[in-house]
Amino acid sequence: MNMQENDTICLLKECDAGSKMAVSAIDEIMEKVHCPDFKDLLNETKDHHAALGNDIHAALLECHSDEKDPNPFAKGMAWMKTNMQMGIDESDETAADLMTSGCDMGIKSLYKYMNQYKDASEDAKELCKRLISIEEELRKCLHTYL
């Protein structure tokens, strides 16, 4: 396997894990959100992540590679943080704050992976940029609920 193939697979796997982490985080917070518009925003964003996740899976299959699940430790820590903070203050403001933090971490990680796997194919980079764009748009929309 050459460098480009390796970087492409690695970047796609990180995007796959990131999109799954986002869907999981949205599922976790959804039941705690009260405002119908906020719930609609989360559902729409979840649909965007799921659709992009399907595109990422297709790209991984083209590369003859398996998908990647989120790091269980990171997923567990996110679950714990969400449940602790929402247990103290079960408000939409807290939910928006948690989701904003998640977006920030996702965006930061994705940029890090794009720099780390700089030899990835343009198609893989484009999928990564689409995921970043979804996260940035959600973060911007969350400002209303902070």
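Modeller: A residue is called buried when its relative accessible area is under 20%, exposed when that area is over 50%, and partly exposed in between. The model is predicted.

Start with Lys20, which has a relative accessibility of 18% and therefore counts as buried. Its side chain meets that of Asp16 in a salt bridge, with 3.4 Å from N to O. The value for Asp16 is 0%, so Asp16 is buried too. Both residues belong to helix α1, where four residues, or about one turn of the helix, separate them. That helix covers residues 3-30.

In total there are 11 salt bridges in the structure. Side chains of opposite charge can pair when their charged atoms come close. The cut-off used here is 4 Å between a side-chain nitrogen of Lys or Arg and a carboxyl oxygen of Asp or Glu. Glu31 is exposed because its relative accessible area is 62%, whereas Lys32, at 10%, counts as buried.

Another bridge joins Asp104 to Arg139, with an N to O distance of 2.9 Å. This pair connects distant parts of the chain, since Asp104 sits in helix α4 and Arg139 in helix α5, 35 residues apart. Relative accessible areas of 35% for Asp104 and 27% for Arg139 make both partly exposed. Returning to Asp16 and Lys20, salt bridges with shared partners tie them into one network with Glu67 and Asp69.

Helices α1, α3, α4 and α5 each contribute at least two residues to its lining. That lining is made up of 36 residues, and those nearest the pocket centre are Met21, Ala74, Ala78, Gly102 and Met105. The volume of the pocket is about 920 Å³.

On the surface there is a nonpolar patch formed by Phe73, Met77, Trp79, Met80 and Met84, whose accessible area together is about 580 Å². Phe73 lies in helix α3, which spans residues 72-88. Its relative accessible area is 61%, and Phe73 is therefore exposed.

Ring contacts complete the surroundings. A pair of aromatic rings is described by the distance of the centres and the angle of the planes. This structure has two such pairs. For Phe38 and Tyr145 the centres are 4.4 Å apart and the planes stand at 10°, so the pair is stacked. Here too distant parts of the chain are linked, as Phe38 is in helix α2 (residues 36-62) and Tyr145 in the segment after α5 (122-142), 107 residues apart. Phe38 has 0% relative accessibility and so is buried, while Tyr145 is buried because its relative accessible area is 15%. The other pair, Tyr113 with Tyr117, is also stacked, at 6.3 Å centre to centre and 15° between the planes. Tyr113 and Tyr117 are both buried.

Technical notes. Residues are numbered from 1 along each chain as its sequence is written. This is a predicted model: local features need pLDDT of at least 70, side-chain atom pairs count only at pLDDT 80 or more; totals for chains, interfaces and linings use all residues. Side-chain values use heavy atoms; hydrogens and water are left out. Rings of Phe, Tyr and Trp (its six-membered ring) pair if their centres lie within 6.5 Å; planes under 30 degrees apart count as stacked, over 60 as edge-to-face and the rest as tilted. Buried means under 20% relative accessible area, exposed over 50%, partly exposed in between (1.4 Å probe, protein chains only). Patches are made of residues with over 30% relative accessible area and no salt bridge: like charges are joined within 9 Å, nonpolar side chains (Val, Leu, Ile, Met, Phe, Trp, Tyr) within 5 Å. Accessible areas come from the Shrake-Rupley method with a 1.4 Å probe; for residues, only the protein chains shown count as cover. On a 1 Å grid over the protein atoms alone, a cavity is a set of points where a 1.4 Å probe fits but cannot get out, and a pocket is an open set with protein on both sides within 12 Å along at least five of seven lines; lining residues have an atom within 4 Å of a point. Grid points are joined across faces, edges and corners, and a volume is the space filled by probe spheres set on the points.
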